[in-house]
Amino acid sequence: HTIAATPGVIPAAAYAKEQKIFVLTGYRNVVKETMAFMLSRDYQPFILLTDEKFRPLKLQYLKDAAQVEAVCINNNQIWLSQESSRVDNARFWYFGTIDQMLRP
């Protein structure tokens, strides 16, 4: 499935049953943008919320993150993890809630 608002690859997704929202996470397509990535070393990680038909609801870039590879939803809370890379260490952290992300 293709989502027009996706600014890169999506290695992970989770479904929030209560809100009926998909939470997707990823980073720029470093294969297609090899030179830009090599110059900047910026993965441009993001989190994207969509409805059940994968229509984008909210896109947010993740500052201070790198190769984000996993997302978990627990009681409306969003948890993320990233791989170890030359840019940053592996880590697991609490991002916030779905409700907070959906606020204007």
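How many bridges join β2 to strand β3 (residues 46–50)? Five bridges join these two strands, which run antiparallel.

## Basis of the model

This is a predicted model, in which local features need pLDDT of at least 70 and side-chain atom pairs count only at pLDDT 80 or more, while totals for chains, interfaces and linings use all residues. Residues are numbered from 1 along each chain as its sequence is written, and side-chain values use heavy atoms, with hydrogens and water left out.

Helices (H or I, at least four residues) and strands (E, at least two) are DSSP runs, numbered from the N terminus. Two strands pair if DSSP finds at least two bridges between them.

Strand β2 covers residues 21–27, and six of its seven residues are buried. Buried means under 20% relative accessible area, exposed means over 50%, and partly exposed lies in between (1.4 Å probe, protein chains only). On one side of the pairing list is strand β1 (residues 9–16), which is joined to β2 by six bridges and runs antiparallel to it. Val-9 has Tyr-27 of β2 as its bridge partner. The two strands β1 and β2 form a hairpin with four residues between them, and Lys-20 in the turn has a positive phi of about 55°. In the pairing with β3, Phe-22 has Thr-50 as its bridge partner.

## Aromatic pairs

The structure holds five aromatic pairs. Rings of Phe, Tyr and Trp (its six-membered ring) pair if their centres lie within 6.5 Å; planes under 30 degrees apart count as stacked, over 60 as edge-to-face and the rest as tilted. Among the pairs is Phe-22 with Phe-54, which is stacked, at 4.7 Å centre to centre and 20° between the planes. This pair links distant parts of the chain, with Phe-22 in strand β2 and Phe-54 in the loop between β3 and β4, 32 residues apart. Another pair, Tyr-27 with Tyr-43, is edge-to-face, at 5.5 Å centre to centre and 90° between the planes. Tyr-27 lies in strand β2 and Tyr-43 in the loop between α1 (34–40) and β3, so this pair ties together parts that are 16 residues apart in sequence. Tyr-27 is buried, with a relative accessible area of 9%, and Tyr-43 is buried, with a relative accessible area of 9%.

Ring pairs also link Tyr-15, Phe-22 and Phe-54 into a cluster.

## Phe-54

Phe-54 is in the loop between β3 and β4 (56–61). Phe-54 counts as partly exposed because its relative accessibility is 25%. Phe-54 and Leu-24 are 30 residues apart in sequence, and their C-alpha atoms are 10.0 Å apart in space.
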